[in-house]
Amino acid sequence: MARTFTVTFDAGDPKALGDFWQLALDYVREPPPDGYATWEEQLQAWNLPPEHRNDANASVDPTGTGPRLFFQKMPEGKTVKNRIHLDVHVGDRGPGEAMDIEAMHAHAERLVEAGAAFIGEFHDPPGHWLLMHDPEDNEFCMV
C-alpha cells in the first residue's frame, strides 16, 4: 500500500493561498474537527488569539483521492526558485489523447484573475505546458 502525504506550502497568508489552490485544483477547505460547525468556532474553543488565526490552513480533495495541502505562515517571503512544483492537469484525457489547450488557457485565465501570474507557454517534444506562479510566487505548470 502506498503511503499518504501532505504537500506543505510556506505562506505569508495561509488562508488566501489556500483559497487560490482550492480554485486551481477544485479542492475544498478541510472541514473543522467533529463537534464544531466552523473553524472560527474551533479556534475560539482553543482560545487561539485572533492574531494567530491565519497561521495555518488546509485544503483537501473532496473525492478523498488527492493529497492534503497544508499552508503554514512564514514571516519571510520566497527568495529562490522552487526545487519542486505542482503540475495542474486540465481535463480528463486518457493515454494518447490530445491535450485540450483551449481548456488549459481558460483555467489559466481564471487563475490569473485570482492572483496567479502567467510566465510562458512551452511546446516541446515531451508536451505542452503553461508556466505560472501562484499569488506568493511559487512556480507551477498547467498541463
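Predicted model: local features only at pLDDT ≥ 70, side-chain atom pairs only at ≥ 80, totals over all residues.
Student: What makes up the protein, in helices and strands?
Tutor: It has three helices and eight strands. From the N terminus on, the elements run β-α-β-α-β-β-β-α-β-β-β. The C-alpha trace spans about 55 × 35 × 30 Å along its principal axes.

Student: How many of the residues count as buried?
Tutor: The protein has 143 residues, and 29% of them count as buried. Buried means under 20% relative accessible area.

Student: What share of the contacts comes from residues 24 or more positions apart?
Tutor: Take the contacts with a separation of 6 or more. Residues 24 or more positions apart account for 58% of those.

Student: Let us turn to the sheets. In what order do the strands of the sheet with β1 stand?
Tutor: The order is β1-β4-β3-β2. Four strands form this open sheet, and the pairing is mixed.

Student: Why are β1 and β2 called edge strands?
Tutor: Each of them pairs on one side only. That applies to β1, residues 6-11, and to β2, residues 28-29.

Student: How do you know that β2 and β3 are paired?
Tutor: Count the bridges. Two strands pair if there are at least two bridges between them. β2 and β3, residues 56-60, have two bridges, so they meet that cut-off. The sense is antiparallel. Val 28 stands opposite Val 60 in β3.

Student: Which strands of this sheet does α1 touch?
Tutor: α1 packs on the sheet and touches β1, β2, β3 and β4. Its direction makes about 155° with that of β4.

Student: Why does Arg 68 count as partly exposed?
Tutor: Set its value against the limits. Buried is under 20%, exposed is over 50%, and partly exposed is in between. Arg 68 has 28% relative accessibility, so it counts as partly exposed.

Student: Where does Arg 68 lie, and what does it touch?
Tutor: Arg 68 lies in strand β4. Leaving out residues up to four places away in sequence, it touches Phe 5, Thr 6, Val 7, Glu 30, Ala 58, Ser 59 and Val 60. Contact means heavy atoms within 4.5 Å.

Student: How far is Arg 68 from Leu 17?
Tutor: Their C-alpha atoms are separated by 14 Å. Along the chain the two are 51 residues apart.

Student: What is the strand order in the sheet with β5?
Tutor: This open sheet has four strands in the order β5-β8-β7-β6, with mixed pairing. The edge strands are β5, residues 86-88, and β6, and each pairs on one side only. Neighbouring strands are turned by 25° against each other on average, direction ignored.

Student: How do you know that β6 and β7 pair?
Tutor: The cut-off is at least two bridges. β6, residues 117-124, and β7, residues 127-133, have seven, so they pair. The sense is antiparallel. Phe 118 stands opposite Met 132 in β7. His 123 has His 128 as its bridge partner in β7. The two strands form a hairpin with two residues between them.

Student: What makes β7 mostly covered?
Tutor: Five of its seven residues are buried.

Student: Which strands does α3 lie across?
Tutor: α3 lies across β5, β6, β7 and β8, and runs at about 0° to β7. α1 lies across β5 and β8, running at about 45° to β5.

Student: Why are α1 and α3 called roughly antiparallel?
Tutor: Angles over 145 degrees count as roughly antiparallel. The axes of α1, residues 14-25, and α3, residues 101-113, cross at roughly 165° and come within 10 Å. The two helices are therefore roughly antiparallel to each other. The crossing is right-handed.

Student: Which residues make that contact?
Tutor: From α1 come Phe 20, Leu 23 and Ala 24. From α3 come His 107, Arg 110 and Leu 111. They divide into four nonpolar, one polar and one charged.

How values were computed: Residues numbered from 1 in each chain as written. Heavy atoms only, no water. Axes fitted to C-alpha atoms, helices over the stretch in contact; angles between N-to-C directions. Parallel < 35°, antiparallel > 145°, perpendicular 65-115°, else oblique. Left-handed = near helix turned anticlockwise from the far one by under 90°. Nonpolar A, V, L, I, M, F, W, Y, C, P; charged D, E, K, R; others polar. Buried < 20%, exposed > 50% of the residue type's maximum accessible area, 1.4 Å probe, protein only.
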